[in-house]
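Have the structure open while you read.

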Amino acid sequence: MLRIAFLILTVGFIFKGHTQAVLSKNDRPKLVVGIVVDQMRYDYLTRFDTSFGSGGFKRISKEGFQYKNAHFNYIPTYTGPGHASVYTGTTPFNHGIIANNWYDKTAKTKVYCVEDTLVNAVGSTSKFDKMSPRRMKTTSFADQNRMHTQMRGKTIGISLKDRGAILPAGHTANAAYWFRGRDEGQWITSSYYMDILPQWVQKFNASGTIKSYLKTWDTMVDSEQYSASGIDENMYEAGFKGKEKAVFPYELAALAEENGGFDILKATPYGNSLTTDFAIAALEGEGLGLDNDTDVLAVSFSSTDYIGHNFGVNSKEVQDAYVRLDKDLERLLIALDKKVGVGNYTVFLTADHGAVNVPAYLNALKIPAGYFDLMQFSEQLNAQLTEKYGVQGLVESVSNGQIFFNYALVKEKELNHSHLQKYTAEYILAYPKVDKAYTRNQMLGSTYQFGVPALLQKGFNQKRSGDVLFVLDPATITYSKKGSTHGSGSSYDTHAPLLFFGKGIQKGSSVEKVFITDIAPTISSLLRIEFPNGTTGTVLKEVLK
């Protein structure tokens, strides 16, 4: 009897342990969907609220958790660093993606954040789409999930932009797909991931879906209903080549040849619709979210950035883009409900940066703003340093608000590097429209906790960053006088939407200040996996059930 009782007790413990293990696995979402909306300011959620339906932004907000005071905590605020920071849980200080393009002082040339000469394009004849995540120094939460599941959990990255697909997906992704426009109009990848496109991708490319979007772009509703934006015809928008005025409607098929062929789709809401179509195809084609090993789908909507750059943040084109994106988000959520199941997936939605109002428009409102001639600045700086030190060519590059010195020349002429840094910072601080300047020595020798120097320091990578850093006056940009841009540490660039929704997420909202780098550790905690290896963010505890 004792043996039988012991056996029953033992089997009970084994069964209970097995049940707990199964429940533990089932407690995790089957799929995490990360959504990054390129150049989405936080206030688009509130400005365009009355134009949104109930199934997109509003569904995520009302059924999930919203942070109303989420920010990027570094400079510069660009697409590459933004996507890397969201998924790695750290800043350029650690992950090394200090800009979209930067000056490599070792190779003495400019490099692109995801370029990789060791790979080739797959699905395209392009000689330029040689891309991989190798320049990113740290892991993403998608990498950690892959390792945690012994590589069974899949990761797929999707974006019109190569960097928007590659950096979020991380180093171990099954695939990252981006859009090759021009005369091809194809979703492609690189040999970093595979040697041939999967059948489902080839089928999508051949389906005619892409070409079908070369049609008329007009407002989804009467443009007069877009009261949250400025008038359609104004002097602050660039528009498309071949069309005299930047006003609706836009006949894309007729304009395509002068605007990069299929690339024109990127600067219309149809680029986001195409991204949604492809993401939904990936759900089925890759079988995402169909087993107990969590998968990750990283989707970046890039068209909002192209449209913002072209037309400006106060344009009707931008408002129409978000009204249409709201519908695309609804389509994506419905597909997730059907294919993965309500309550089986988790979504977060954020941006990679915001954008400034067109400075010329701000000037018309008597708000301080302006434009900065970077070429003139570089020429005058070089001339000043030549006069001071009697040496020509001390500055190798000026880019991303950073000045790079010619180290070989500094050494050859036996110049004091610290003195050169300090003198340069003092000189440019007196330069019109330069607001602040800091040296490499200051970045390395001090720990800043608040304000602009703290943002600069978190964006400063010891190996890759320059010798003097400078910040322009608020709303002062190195850009065309038409359209918007980004890159600063001002709130219009750092303040981003942050929404969580789905399995394991509490309902609610908060005005507490949080940072984009908190997303990755929060998702890692939800999945109960190791944090990305450079994480500096913290877990947003109130989000998790």
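pLDDT is the predictor's confidence in each residue, on a scale from 0 to 100. It matters here since this is a predicted model. The mean pLDDT of the protein is 95, and 95% of its residues reach 70 or more.

The start of the chain is another story. Over residues 1-23, pLDDT stays under 50, and the model gives this stretch zero contacts beyond four places in sequence.

## Helices α4 and α7

Take helix α4 (residues 79-88) and helix α7 (residues 162-169): their axes come within 8 Å and cross at roughly 25 degrees. Angles under 35 degrees count as roughly parallel, so α4 runs roughly parallel to α7. The crossing of this pair is right-handed.

Which residues make the contact? From α4 you get Thr-79, Gly-80, His-83, Ala-84 and Tyr-87, and from α7 Arg-163, Gly-164, Leu-167 and Pro-168. Sorted by class, the contact of α4 with α7 has four nonpolar, four polar and one charged residues.

## Helices α12 and α13

Helix α12 (residues 303-311) packs with helix α13 (residues 316-341) at an angle of about 165 degrees, and their axes are 9 Å apart. With anything over 145 degrees counting as roughly antiparallel, α12 and α13 are therefore roughly antiparallel to each other. The crossing of α12 and α13 is right-handed.

On the α12 side, the contact uses Thr-304, Ile-307, Gly-308 and Phe-311. On the α13 side, Glu-317, Val-318, Ala-321, Tyr-322 and Leu-325 take part. By class, that contact of α12 with α13 has six nonpolar, two polar and one charged residues.

## Aromatic pairs

How many aromatic pairs does the structure hold? The count is 35. One of them is stacked: Tyr-213 and Tyr-270, 5.7 Å centre to centre with 25 degrees between the planes.

This pair links distant parts of the chain, with its partners 57 residues apart. Tyr-213 sits in the loop between α9 (209-212) and β9 (216-217), while Tyr-270 belongs to helix α11 (residues 270-285).

A couple of prolines are worth a click. The peptide bond from Ile-75 to Pro-76 is cis, with omega near 10 degrees, and Pro-76 lies in the loop between β2 (65-71) and α4. The bond from Phe-248 to Pro-249 is cis too, with omega near 0 degrees; you'll find Pro-249 in the loop between β9 and β10 (250-251).

Then there's Lys-433, which has a positive phi of about 75 degrees although it isn't a glycine. Look for Lys-433 in the loop between α17 (417-429) and β16 (434-439).

Methods
Residues numbered from 1 in each chain as written. Predicted model: local features only at pLDDT ≥ 70, side-chain atom pairs only at ≥ 80, totals over all residues. Heavy atoms only, no water. Axes fitted to C-alpha atoms, helices over the stretch in contact; angles between N-to-C directions. Helix = DSSP H or I, 4+ residues; strand = E, 2+ residues; numbered from the N terminus. Parallel < 35°, antiparallel > 145°, perpendicular 65-115°, else oblique. Left-handed = near helix turned anticlockwise from the far one by under 90°. Contact = heavy atoms within 4.5 Å. Nonpolar A, V, L, I, M, F, W, Y, C, P; charged D, E, K, R; others polar. Phe/Tyr/Trp six-rings, centres within 6.5 Å; stacked < 30°, edge-to-face > 60°.
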